[in-house]
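Please look over the chain below before reading on.

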Amino acid sequence: QVQLVESGGGLVQAGGALKLSCAPSGGTFSHYVMSWFRQAPGKEREFVAAITWKDGTTYYADSVKGLFTVSRDSAENTGYLQMSSLKPKATAVYYCAATGYSSRRYCYTLPERYTFWGQGTKVTVSS
């Protein structure tokens, strides 16, 4: 059973940057797609970015393209989300999740597709 552990959240001023990390406890990402979702207060959980572990293909929500970068370190078995030029609207709890591969990449944007979730790490962007 894979358990995901996120870290790196915190308070940052608008325009600043944060880097989130996600590591699986008791398993490996090698057969999965690792993704990041976020959930702001009163809103639904939304897709942010995904990376296929085997070849590093990345996918992004339109709202974060050019601002966020998802990456992986296979040797460390850790995934990352580098967030830059942060705005207050990015304030949310950020979750790491993992799912199996799909030929339909749209599936990676759907929370219900994911089997494994982390506990979330809170990101607050102050204005």
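What follows is a short report on this model, from the whole chain down to single residues.

The model is predicted, so local features need pLDDT of at least 70, side-chain atom pairs count only at pLDDT 80 or more, and totals for chains, interfaces and linings use all residues. Residues are numbered from 1 along each chain as its sequence is written, and side-chain values use heavy atoms, with hydrogens and water left out.

**Overall fold**

The protein chain has 11 strands and 0 helices. Both are DSSP runs, numbered from the N terminus: helices are H or I with at least four residues, strands are E with at least two. Read from the N terminus, the order is β-β-β-β-β-β-β-β-β-β-β.

Along the principal axes, the C-alpha atoms fill a box of roughly 40 × 30 × 25 Å.

Of the 127 residues, 43% are buried. Buried means under 20% relative accessible area, exposed means over 50%, and partly exposed lies in between (1.4 Å probe, protein chains only). The accessible surface comes to about 6600 Å², and carbon and sulfur atoms own 47% of it. Areas come from the Shrake-Rupley method with a 1.4 Å probe; for residues, only the protein chains shown count as cover.

Contacts are heavy atoms within 4.5 Å. Among contacts with a separation of 6 or more, 57% link residues 24 or more positions apart.

**Cysteines**

How many disulfides does the rule give? The count is 1 disulfide, where a disulfide is a pair of cysteine sulfur atoms within 2.5 Å. Cys 22 and Cys 96 form the link, with S to S at 1.9 Å. Cys 22 sits in strand S3 (residues 18-25) and Cys 96 in strand S9 (residues 92-99), so the bond ties together parts 74 residues apart in sequence. The link is left-handed, with -75° about the S-S bond. Cys 22 and Cys 96 are both buried.

**Aromatic rings**

The structure holds 8 aromatic pairs. Rings of Phe, Tyr and Trp (its six-membered ring) pair if their centres lie within 6.5 Å; planes under 30 degrees apart count as stacked, over 60 as edge-to-face and the rest as tilted. Two of the pairs are shown here.

| Pair | Centre to centre | Angle between planes | Class |
|---|---|---|---|
| Phe 37 and Phe 47 | 5.7 Å | 75° | edge-to-face |
| Tyr 59 and Tyr 108 | 5.5 Å | 55° | tilted |

Phe 37 lies in strand S4 (residues 33-39) and Phe 47 in strand S5 (residues 46-52), so their pair ties together parts 10 residues apart in sequence. Phe 37 is buried, with a relative accessible area of 0%. Phe 47 is buried too, at 11%.

Tyr 59 belongs to strand S6 (residues 58-60), while Tyr 108 is in the loop between S9 and strand S10 (116-117), so this pair ties together parts 49 residues apart in sequence. Tyr 59 and Tyr 108 are both buried.

Phe 37 and Phe 47 also belong to one aromatic cluster with Tyr 95, Tyr 114 and Trp 117.

Charges meet rings as well. A charge sits over a ring if NZ of Lys or CZ of Arg is within 6 Å of the ring centre and within 35 degrees of the ring normal. Arg 45 lies over the face of Trp 117, at 4.7 Å from the ring centre. The charged end of Lys 19 sits over the ring of Tyr 80, at 4.5 Å from its centre.

**Two single residues**

Ala 61 is in the loop between S6 and strand S7 (68-73). Is Ala 61 buried or exposed? Ala 61 is buried, with a relative accessible area of 15%. Not counting residues up to four places away in sequence, Ala 61 touches Phe 47 and Val 48.

Leu 11 is in strand S2 (residues 10-13). Leu 11 is exposed, with a relative accessible area of 65%. Leaving aside neighbours within four places in sequence, Leu 11 is in contact with Thr 124 and Ser 126.
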